[in-house]
Amino acid sequence: MERFNLDRRSFLKAAGSIGALSVAGVGLVGQPRSAYANEGAFPEQKYGQPLEATVDPATGKLEVNEEVVVRYSACLGCYSSCGSRLKLDRQSGRLISVGGNPYHPSCAYPFLNFDEPLSEAYLSMSYASGKGNLTRGTSCGRGQATQDVYSQPDRITVPLKRAGKRGEGKWKPISWDDLIREVTEGGKLFLDAGEDREVEGFLALHDTKTPMNPDQPDLGPVSNQFVMLGGRGDGRTTIGTRFTNCFGSLNQYGHGAT
Ligand code: SF4
């Protein structure tokens, strides 16, 4: 293993450079802040991901790297629905990293109010916040790993239509226009898969007056044949419930119910 000879001045320089990186979620826990503040000049970055901004820990001066786009969002890694903070390369649109959101109470304490400017978010994640503390914005490892979900090659990004018998595991990609047309108009949608049967679409089911089964009126109108399955309590369930009820069906139930 290579050994490093680090005298005190070199150490302070290194500590100073890490102080500059602290806005990107990197820092030395327990190092004296004066060590950061004593050094103004930081070495050119050679490794790792590009920083979205640097903050001079002595003066609080903020320099934003316009090549990196920062977006504050919410994590769907699990049910906790924490905030997340995404860094993207402006030119390529590549997702560089995922971290915690300093505006979100699950990620930071004290957290920032929504009306705080983005510049305050940068400052709050450095020792130059002037508030005597480091707000940070953290997320768990699973939240950070959502980046891999985004970039993994098997991620489904287009509608898939069954292209074989049920359970056969055969699917083919179709366009969003085809999806909407088929789901709305219905028809013999699975002829290619050898199924000569008519599938009812939304248009056929959008009937809130005719009983679904006159012999069993408690089943309600035809529109109750539309059933919405799944969704989570992060907004999708709310949208799903609203759509289903507007359609004229009572039959919406969520992820937990399945
Ligand atoms: S950051 Fe972690 S705990 Fe929070 S929602 Fe994402 S996966 Fe869940």
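Predicted model: local features only at pLDDT ≥ 70, side-chain atom pairs only at ≥ 80, totals over all residues.
Residues are numbered from 1 along each chain as its sequence is written, and side-chain values use heavy atoms, with hydrogens and water left out.

Glu 66 forms a salt bridge with Arg 90, and the closest N and O atoms are 3.8 Å apart; a salt bridge here is a side-chain nitrogen of Lys or Arg within 4 Å of a carboxyl oxygen of Asp or Glu. This pair links distant parts of the chain, 24 residues apart, with Glu 66 in the loop between strand S2 (62-64) and strand S3 (68-74), and Arg 90 in the loop between S4 and S5. Strands and helices are DSSP runs numbered from the N terminus, with at least two residues (E) for a strand and at least four (H or I) for a helix. Arg 90 itself is partly exposed, with a relative accessible area of 48%.

The structure holds 11 salt bridges, and another of them joins the side chains of Lys 87 and Glu 52, at 3.0 Å from N to O. Here too distant parts of the chain are linked, since Lys 87 is in strand S4 and Glu 52 is in the loop between helix H2 (33-37) and strand S1 (53-55), 35 residues apart. Are these two residues buried or exposed? Lys 87 is buried, with a relative accessible area of 6%, and Glu 52 counts as buried at 0%. Together with Arg 85, Glu 52 and Lys 87 are linked in a network of salt bridges.

Strand S4 (residues 83-89) is joined to S5 by 4 bridges, and the two run antiparallel; strands count as paired if DSSP finds at least two bridges between them. Leu 86 stands opposite Val 98 in S5, and the two strands form a hairpin with 5 residues between them, where Gly 93 in the turn has a positive phi of about 80°. Why is S5 described as largely enclosed by the rest of the structure? The reason is that 4 of the 5 residues of strand S5 (residues 95-99) are buried.

Let me turn now to the aromatic rings. Rings of Phe, Tyr and Trp (its six-membered ring) pair if their centres lie within 6.5 Å, with planes under 30 degrees apart called stacked, over 60 edge-to-face, and the rest tilted. By this rule the count comes to 7 aromatic pairs. In one of them, Phe 202 and Phe 243, the ring centres are 6.1 Å apart and the planes stand at 45°, so the pair is tilted. Phe 202 lies in helix H7 (residues 202-205) and Phe 243 in helix H8 (residues 236-247), 41 residues apart, so that this pair links distant parts of the chain. The rings of Phe 243 and Phe 247 have their centres 6.3 Å apart and their planes at 25°, so this pair is stacked. Phe 247 is buried, with a relative accessible area of 8%, whereas Phe 243 is partly exposed at 38%. Phe 202, Phe 226, Phe 243 and Phe 247 form one aromatic cluster.

How values were computed
Buried < 20%, exposed > 50% of the residue type's maximum accessible area, 1.4 Å probe, protein only.
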